[in-house]
Amino acid sequence: MSKRLEEILTNSKKPFFGYLKKVCAHSRKLLVKGDLLEIFEELHKKNNNSGNIESIKEIVNKFTESVCLDCSVYVEMRETIGKSEYYLFNVERSKSEKIHVIRYLKAKERYRHPLIENDLLTLNFSTFYDKFPSVRESKSIGKGVEYLNRYLSSTMFTQPQKLSQALFDFLFVHKKNSQQLIVNSKINNPEKLSSAIDKAILFLKKMEDNLPYSQIKNELSGMGFEAGLGNTAGEILSSLDQLDSLLTSPDHLALKEFLSKIPMIYNIVIVSPHGYFGQEGVLGKPDTGGQVVYILDQVKALEKEMIDSLKHAGIHAKPKIIILTRLIPNAEDTKCNVRLEKVYDTENVWILRVPFKNDKNMIAENWTSRFEVWPYLERYADDSYKELLEEFGTRPDLVIGNYSDGNLVATILANKFGVTQCNVAHALEKSKYLYSGLYWDEMEKQYHFSTQFTADLLSMNAADFIITSTYQEIAGREDSIGQYESYVNFTMPGLYRVAGGINIFHPKFNILPPGVNTNIFFPFSEIERRDKKVTEEIHKKIFNGSVEGIGKLKNPKLPAIFSMARLDKIKNLTSLVKWYGENEELRELANLIVVAGKINTEESFDNEEKEQIELMHKYIKEFKLNDNLRWLPGDADRKRVPEYYRVIADQKGVFVQPASFEGFGLTVIEAMRSGLPTFATQYGGPLEIIEDEKSGFHINPVDDAAAAQKLIEFFKKCKKDKNYWGKISNAGIKRVDTAFNWELYAKNLLSLAKIYGFWKYTTNLEMTEMNTYLDLMYNTLYKHRAATLKPKVL
């Protein structure tokens, strides 16, 4: 692209700088991609014969942002996914130069505060990442473990003695409580390991494959091998064959397969402090939605896989998973004030609730917004460390954080325990709110982004590996940056700037989409599995206007446009009501059903939800929607939720997810699995879930008219082609069943944890220098920012 830009500056300099002058003359001096393209299109309409228009357009399409100071236009150009360059164009002198990112960030700071010196602290993690291998191509982003395993394996495989010693050392440290696993003291060096393997293989080949380990335990122990290699003679033979192959003719795939079998994970902590975390009566409450559903489904799949893998390894152990969350004394109608609660349909999975306390040891009694939890988290992590040790009786083997607060606590806990750390962001707030870094000070009172973004930088750089649900979560797409990518370079004027905040090409990133609970989310057509009583209740709630809710459907036989989510700004439900109300043709084709939040502001104590409630009432009244719409309060019963989708599907309706941005989109795969044709935002995870016009539809939530038109065209097509609705419905079910599977998720997550654990043990994956930098940042930046928020004891 740099070469292409040089060609433009040589062959089409005048029209190109003519365009930049228009950019500079714009009333707003800070412009985003859409603004820059719009200016170009307007200019092109007026004069489409000047210069090489297509070449100029190709360059402009790469512009993601610009800031104009006097006659200088500073531009961020995204050359390709994950890589940006920065340029300065002087429109008076028609001069240009490539500039460093810090100079670009300083220009943005001057734009915000023209009279203030911008001599800020600059954070840069690039130095540490430069010492570590990274994937080279953008298409390999998110395939970190594959690359890491291949790279480090090839490095070690060139030194067979080093590999043999590493494998021996790693195998020898494995114990379960005081029980030695894999190899015992009879094998005390790599050479003895190799000869012992030969001896054991000869012995095992004489045995029946299905002979239980218990019947050959003593013989194997005498040769130096203990439990952990398999539960039958055949499985142990297979494991030893793999190990022998690794020692003699190593291969990275064989290493991955062998490590995935080794019993390493017995105890897991899953951290999710904010919101109301419970198994019933919590969904729809503030800060409580998809993350709770994700974790409850996740732990069941993980436990099953852990039990199966330990059984196949020949280990008699009962794995344990603890979901660490917050205890809320004033828990309303939930169990969030119960310290310890067993997770339904599990053998040994528990919810452990630890209260927030301030520095005076006083407990926070009520719910606290996820944006205001920061003053509590250090003390919370310390208290949780003690309680986890008490519950496990030992340290856990893996700590998994969730969202910004959970990831920070996971960072502290993993460091204290000295174990592997995994992060799951779910959704990074920075990419949800436009210019949330640049205008952090104006949003600070409500959102406290300065603290949250600092916490994000700490935890994402500290994590051993990071799981994302989609590719775009890491690196976006050709025309938009990813959530993690937004942390690479940014500034918070007056506080600090970041130039190299994270390396999205680092092998810590792995794409691992979640599944859907097929026990409760099954197609509407499976009548025999549906609870008739629940079906009738949901049907009555929707189509009988006399029960709680707003509106009464004049024509209940029309198909319905259905949406269900928390009632907050990002979920964008009020915009759905607005563009439904504005479109008379759509109202004639379908009713609108919304299940979300509270109905009256007096019932809510979340300020953002109150604002959305007022907007809902405003639009219903403004567009006179009482005959076309039903607005029902959020239903917190997890077992009833799937039936909403199925009842709407009975009426040949559709599900709409209109969020301004959606990190993944659990409701999207839930609706699709229930057989409901789904229209979902093109911003975020749904872009990778739905195959547009095949297994569902993408909509632009910003373009009201176009979104409404897509729905109109769908309903019209369904009238003409009686099979079309069913075609999309079936394709959605198939898409979820093939691509979003909890069993595969659990198997891959445990494999990741084992492989990263191996490399962390045998190499400097911990990046000691990085951790020192992070420790300094935590104590000088994060703790100071968190202290500016006074803990509320309510």
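Colleague: Which residue in E17 does Leu 123 stand opposite?

Modeller: This is a predicted model, and in it Leu 123 stands opposite Val 498 in E17.

Colleague: And how many bridges join E6 to strand E17?

Modeller: Strand E17, which covers residues 496-499, is joined to E6 by 3 bridges, and the two strands run parallel.

Colleague: What is the order of the strands in that open sheet?

Modeller: The sheet is made of 3 strands in the order E6-E17-E16, and its pairing is mixed. Its edge strands are E6, residues 121-123, and E16, residues 489-492, each of which pairs on one side only. On average, neighbouring strands of this sheet are turned by 15 degrees against each other, if direction is ignored.

Colleague: Which helix lies across E6 and E17?

Modeller: That is helix H29, residues 768-787, and it runs at about 140 degrees to E6.

Colleague: Let's zoom out. How many helices and strands are there in the protein?

Modeller: The protein has 29 helices and 24 strands. Its C-alpha atoms fill a box of roughly 85 × 70 × 60 Å, taken along the principal axes.

Colleague: What radius of gyration would a compact globule with 794 residues have?

Modeller: It would be near 28 Å, and because the protein itself has 28 Å, the value agrees with that of a compact globule.

Colleague: What about burial and surface?

Modeller: Of the 794 residues, 60% are buried, while the protein exposes about 33,000 Å², with carbon and sulfur atoms supplying 48% of that area. As for contacts between residues at least 6 apart in sequence, 71% of them join residues at least 24 apart.

Colleague: New topic, the backbone. What is the phi of Asp 287?

Modeller: Phi of Asp 287 is near 60 degrees, which is a positive value in a residue other than glycine. Asp 287 sits in the loop between strand E9 (267-271) and helix H13 (290-313).

Colleague: Is Asp 287 buried or exposed?

Modeller: Asp 287 counts as buried, because its relative accessible area is 10%, and buried means under 20%.

Colleague: And where is Glu 332 found?

Modeller: Glu 332 is in the loop between strand E10 (320-327) and strand E11 (340-342). Its phi is near 55 degrees, again a positive value in a residue other than glycine. Glu 332 has 46% relative accessibility, so it counts as partly exposed.

Definitions and conventions. Residues are numbered from 1 along each chain as its sequence is written. This is a predicted model: local features need pLDDT of at least 70, side-chain atom pairs count only at pLDDT 80 or more; totals for chains, interfaces and linings use all residues. Side-chain values use heavy atoms; hydrogens and water are left out. Two strands pair if DSSP finds at least two bridges between them. Helices (H or I, at least four residues) and strands (E, at least two) are DSSP runs, numbered from the N terminus. Axes are lines fitted to C-alpha atoms, for helices over the stretch in contact, and angles run from 0 to 180 degrees between N-to-C directions. Contact means heavy atoms within 4.5 Å. The radius of gyration is taken over C-alpha atoms; the globule rule is 2.2 Å times the number of residues to the power 0.38. Buried means under 20% relative accessible area, exposed over 50%, partly exposed in between (1.4 Å probe, protein chains only). Accessible areas come from the Shrake-Rupley method with a 1.4 Å probe; for residues, only the protein chains shown count as cover.
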